[in-house]
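Hi,

Here is the structure I promised to pass on. Have a look at it first, then read my notes below.

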Amino acid sequence: MTQQLPDIKFWKDEKQELVNPELFSDVADKWAEQIKTEGVQRKDKNKISQIRKFYDEVLMFHGRIKDEAQFQKMLPYIKMLNAKVFYAEGRDYITEKFKEFIQKCIGQIKNKKDFDVFVKFFEAFMGYYRYYDEKIKARR
């Protein structure tokens with residue numbers, strides 16, 4: 001069952017630095033549920049260990065970046081997550097929906113503030129993802 005997912009939009013008002021109020025709750029929840037469900041339906045793709053690799057890499061970048069100048073130096077490497085997600089899909093580890101999730105997020109990152117919002121969004125996503133992972137395991 002594929003549901004209509006909310007658009008991943010980081011900002012309600014970027015100029016005023018107002019984060020989309022639904023981003024860390026409804027948006028993260030719906031995307032996590034859909035990606036986990038799709039992974040189960042497609043023969044155990046989107047395993048938590050595979051998703052966690054991407055999250056850990058994002059956290060590694062976040063830990064290294066202290067200011068906008070450092071961010072700009074790291075941006076090409078952050079955007080390389082797109083290539084890595086294509087590789088993971090090509091190896092049949094993840095589904096199209098997780099690839100879309102990463103692409104939609106990486107496509108919005110232009111500066112450190114965008115990246116900081118992405119990190120928090122991915123954190124919220126992982127919380128919901130773990131919830132759905134455990135819920136599905138309990139049903140098996």
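What follows is a short tour of a helix pair and some salt bridges.

Before you start: this is a predicted model, where local features need pLDDT of at least 70 and side-chain atom pairs count only at pLDDT 80 or more, while totals for chains, interfaces and linings use all residues. Residues are numbered from 1 along each chain as its sequence is written, and side-chain values use heavy atoms, with hydrogens and water left out.

First, the helices (DSSP runs of H or I, at least four residues, numbered from the N terminus). Take α3, residues 68-79, and α4, residues 81-90: their axes come within 4 Å and cross at roughly 15°. The axes here are lines fitted to C-alpha atoms over the stretch in contact, with angles running from 0 to 180 degrees between N-to-C directions. That makes α3 roughly parallel to α4 (the label covers angles under 35 degrees). On the α3 side, Tyr 77, Ile 78 and Lys 79 meet Leu 81, Asn 82 and Ala 83 of α4, contact meaning heavy atoms within 4.5 Å. Sorted by type, the residues of this contact are 4 nonpolar, 1 polar and 1 charged (Ala, Val, Leu, Ile, Met, Phe, Trp, Tyr, Cys and Pro count as nonpolar; Asp, Glu, Lys and Arg as charged; the others, Gly among them, as polar).

Next, the salt bridges: the structure holds 17, each being a side-chain nitrogen of Lys or Arg within 4 Å of a carboxyl oxygen of Asp or Glu. One of them pairs Glu 57 with Lys 84, at 2.7 Å from N to O. Glu 57 sits in helix α2 (residues 48-64) and Lys 84 in helix α4, so the pair ties together parts that are 27 residues apart in sequence. Glu 57 is buried at 19% relative accessible area, whereas Lys 84 is partly exposed at 31% (buried is under 20%, exposed over 50%, partly exposed in between, with a 1.4 Å probe and protein chains only).

Then go to helix α6, residues 112-139, where Arg 130 and Asp 133 are 3 residues apart, about one helical turn. Their closest N and O atoms are 3.7 Å apart, which makes a salt bridge. Arg 130 also forms a salt bridge with Glu 134, at 3.3 Å; these two are 4 residues apart in α6. Asp 133 is buried at 4%, while Arg 130 is partly exposed at 41% and Glu 134 is partly exposed at 39%. Salt bridges with shared partners join Lys 36, Arg 130, Asp 133 and Glu 134 into one network.

Cheers

Definitions and conventions. Angles under 35 degrees count as roughly parallel, over 145 as roughly antiparallel, 65 to 115 as roughly perpendicular and the rest as oblique.
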